[in-house]
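Take a first look at the fold shown here.

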Amino acid sequence: MQPTRVLVIEDDLIFLDTLSSILRLKLPDAQIDTADSALASVERIRSTDYAAILCDAHQPRLEGLGFVRAVHKIRPECPVLLLLEKQHEDLSRQALEAGAYDVLVRPVEESTFVFAVRRAVEVSQLRGHVKREETRFVASVGHILHDLEVLYGAYGLRAHFEAFMDSM
């Protein structure tokens, strides 16, 4: 099984080091990757399966909302947490509507920060588990339908089921 990976994106290198150090201490089983640019991280996100992504919302060349939308297109199942400089209800609402999993506001307490990231990782793991179980279930139903086709000559059951699943 692959290690849980979390990506932290922050253009303030000292704060980036602080956030990643906290996560390495509090989530010892997770691999914490860092980046200093949201725009540069998009390709990495395309090629790497992250359980959660934390991004400073105020990035040069790619603001937080645009980043959330980009990640949502690439990996819709990956939770993205945005970190805002100050409380801004309209921006928080827009971020959540764009697909952000959660919005944190600076200064964020360490326990709140770790709890939010841990919760996002758990959600990601649960989504993966549900996806694997769904795949197993669909395969089992396919085998059962095949057996029914053979036993009762009711050919086409599996094709109808597959068409039904494709329409969902």
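The paragraphs below start with the whole chain and then turn to its parts.

This is a predicted model, in which local features need pLDDT of at least 70, side-chain atom pairs count only at pLDDT 80 or more, and totals for chains, interfaces and linings use all residues. Residues are numbered from 1 along each chain as its sequence is written, and side-chain values use heavy atoms, with hydrogens and water left out.

Start with the outline. The protein chain holds six helices and five strands. Helices (H or I, at least four residues) and strands (E, at least two) are DSSP runs, numbered from the N terminus. Along the sequence the pattern reads β-α-β-α-β-α-β-α-β-α-α. The radius of gyration of the protein chain is 20 Å, well over the 15 Å that the globule rule gives for 168 residues, so the chain is more spread out than a compact globule. That radius is taken over C-alpha atoms, and the globule rule is 2.2 Å times the number of residues to the power 0.38. Along its principal axes, the C-alpha trace spans about 70 × 35 × 25 Å.

Now the helix pairs. Two packed helices are described by the angle between their axes and the distance between the axes. Here axes are lines fitted to C-alpha atoms, for helices over the stretch in contact, and angles run from 0 to 180 degrees between N-to-C directions. Angles under 35 degrees count as roughly parallel, over 145 as roughly antiparallel, 65 to 115 as roughly perpendicular and the rest as oblique.

Helix 2 (residues 38-47) packs with helix 3 (residues 64-74) at about 10°, and their axes are 10 Å apart. The two are therefore roughly parallel. Helix 2 brings Ala38, Val42, Ile45 and Arg46 to the contact (heavy atoms within 4.5 Å), while helix 3 brings Phe67, Val71 and Ile74. Six of these residues are nonpolar, none is polar and one is charged. In this scheme Ala, Val, Leu, Ile, Met, Phe, Trp, Tyr, Cys and Pro count as nonpolar, Asp, Glu, Lys and Arg as charged, and the others, Gly among them, as polar.

Helix 3 also packs with helix 4 (residues 89-98), at an angle of about 10° and with the axes 9 Å apart. This pair is therefore roughly parallel too. Leu65, Val68, Arg69 and His72 of helix 3 meet Leu91, Gln94, Ala95 and Ala98 of helix 4. The contact has five nonpolar, two polar and one charged residues.

What angle do helix 5 and helix 6 make? Helix 5 and helix 6 (residues 157-166) pack at about 155°, with axes 8 Å apart. That makes them roughly antiparallel. Among the residues in contact are Val138, Val141 and Leu145 of helix 5 and Leu157, Phe161 and Met165 of helix 6. By class, this contact divides into eight nonpolar, two polar and three charged residues.

Val105 sits in strand 5 (residues 102-105). Leaving aside neighbours within four places in sequence, Val105 touches Leu83, Leu84, Lys86 and Gln87. Arg106 and Pro107 are joined by a cis peptide bond, with omega about -10°. Pro107 belongs to the loop between strand 5 and helix 5.

Last come the pockets. On a 1 Å grid over the protein atoms alone, a cavity is a set of points where a 1.4 Å probe fits but cannot get out, and a pocket is an open set with protein on both sides within 12 Å along at least five of seven lines; lining residues have an atom within 4 Å of a point. Grid points are joined across faces, edges and corners, and a volume is the space filled by probe spheres set on the points.

The largest pocket has a volume of about 430 Å³. Its lining counts 16 residues, and Asp49, Ser124, Gln125, Gly128 and Arg132 lie nearest its centre. Helix 5 gives the largest share, six residues. Four lining residues are nonpolar, seven polar and five charged.

The second largest pocket has a volume of about 150 Å³. Its lining includes Thr4, Pro28, Arg118 and Gln125. Helix 5 again gives the most to this lining, with four residues.
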